Amino acid sequence: MKNILGIDIGGSTTKIIGYRDGEIFSPLLVKANDPKASLYGAFGKFMSENNLTLSDVGHVLITGVGSAAFREDLFGIPITRIDEFRAIGRGGLFLTGLSHAVVVSMGTGTAFVAANQDEIHHIGGTGVGGGTLLGLSNRIINVRHFEELVETAKTGDLKNIDLFIRDISAEGMDQFAPDTTASNFGKISDLATSGDLALGIINLVFQTIGVIAVFAARIEETKNIILTGNLTNVPQMHGIFDILSKLYGMNFIVPEHSEYATATGAALLFQE
């Protein structure tokens with residue numbers, strides 16, 4: 001069997017992954033704002049790093065917001081466009097080995113997809129995502145880059161930003177721990193540092209995504225929520241989702257190669 005390539009062409013990044021004999025290999029990411037430049041760059045780099053020739057590739061499956069720009073073959077290799085939501089669902093299940101879950105794709109915005117072995121459908125989405133992180137950090141703390149925001153947040157303390165249950169109820173509430181967020185940015189201090197603000201922004205975005213995912217999982221009658229996309233590389237998100245998991249009794253799962261779930265799903269759908 002020849003190699004199958006799955007390519008997810010996003011707004012700012014393109015991800016590519018190989019698929020052969022039931023396994024994925026060599027996930028790779030390229031940053032570029034132009035979809036065509038991004039695709040050709042990712043394809044060329046992937047072929048070079050894996051010592052592949054054009055005859056080694058049987059088919060290319062593309063998906064994502066930038067995939068609409070392509071109609072022709074890629075250097076003579078057939079291209080097929082794949083529905084992005086189907087790719088998200090199929091990729092999430094494959095990477096986790098689960099048979100039923102809500103798959104959350106966290107990119108510039110966030111999409112929620114219900115997936116099982118028989119059906120995949122788009123539940124809905126929110127504009128809260130990576131674009132929100134960078135937009136707010138740019139305006140609030142003058143930080144314009146993803147890596148800088150993550151580093152700045154390492155010194156942050158949410159006590160200087162968020163209002164907690166313990167701040168509004170001395171006796172607490174039976175179903176909520178005292179440090180449960182009652183209001184994001186609801187207790188922002190005049191002494192809040194850039195680190196505090198950075199962590200508050202990250203907490204706001206991931207709590208919003210997480211709570212919507214919980215509602216979606218309840219509707220779909222599953223406790224499994226698979227987290228995928230570029231935002232899974234934010235280290236602070238793990239603590240946030242751990243709290244939400246305990247609070248709502250859900251399993252938040254971040255699989256290996258989570259940022260390549262959509263590209264993986266596209267490659268898998270070649271068989272269908």
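Contact means heavy atoms within 4.5 Å. Axes are lines fitted to C-alpha atoms, for helices over the stretch in contact, and angles run from 0 to 180 degrees between N-to-C directions. Helices (H or I, at least four residues) and strands (E, at least two) are DSSP runs, numbered from the N terminus. The model is predicted: local features need pLDDT of at least 70, side-chain atom pairs count only at pLDDT 80 or more, and totals for chains, interfaces and linings use all residues. Residues are numbered from 1 along each chain as its sequence is written, and side-chain values use heavy atoms, without hydrogens and water.

Five strands form an open sheet in the order S8-S7-S6-S11-S12, with mixed pairing. Two strands pair if DSSP finds at least two bridges between them. Strands S8 (120–126) and S12 (251–253) are the edges, each pairing on one side only. From one strand to the next, the twist averages 25°. S6 (residues 100–106) and S11 (residues 224–228) run parallel and are joined by four bridges. Here Val104 stands opposite Leu227 in S11.

Helices lie across this sheet. Helix H7 (residues 237–248) lies across S6, S11 and S12, at about 160° to S12. Helix H6 lies across S6, S7 (110–116), S8, S11 and S12, at about 155° to S6.

In helix H3, Gly130, Leu133, Ser137 and Ile141 are buried, meaning under 20% relative accessible area (1.4 Å probe, protein chains only). They cover an arc of only 55° around the axis, so they sit on the same side of H3. The arc is that of the directions from the helix axis to the C-beta atoms. Their cover includes helices H4 (146–153) and H6 (194–220). Just after H3, Asn142 takes a positive phi of about 60°.

How values were computed: Buried < 20%, exposed > 50% of the residue type's maximum accessible area, 1.4 Å probe, protein only.
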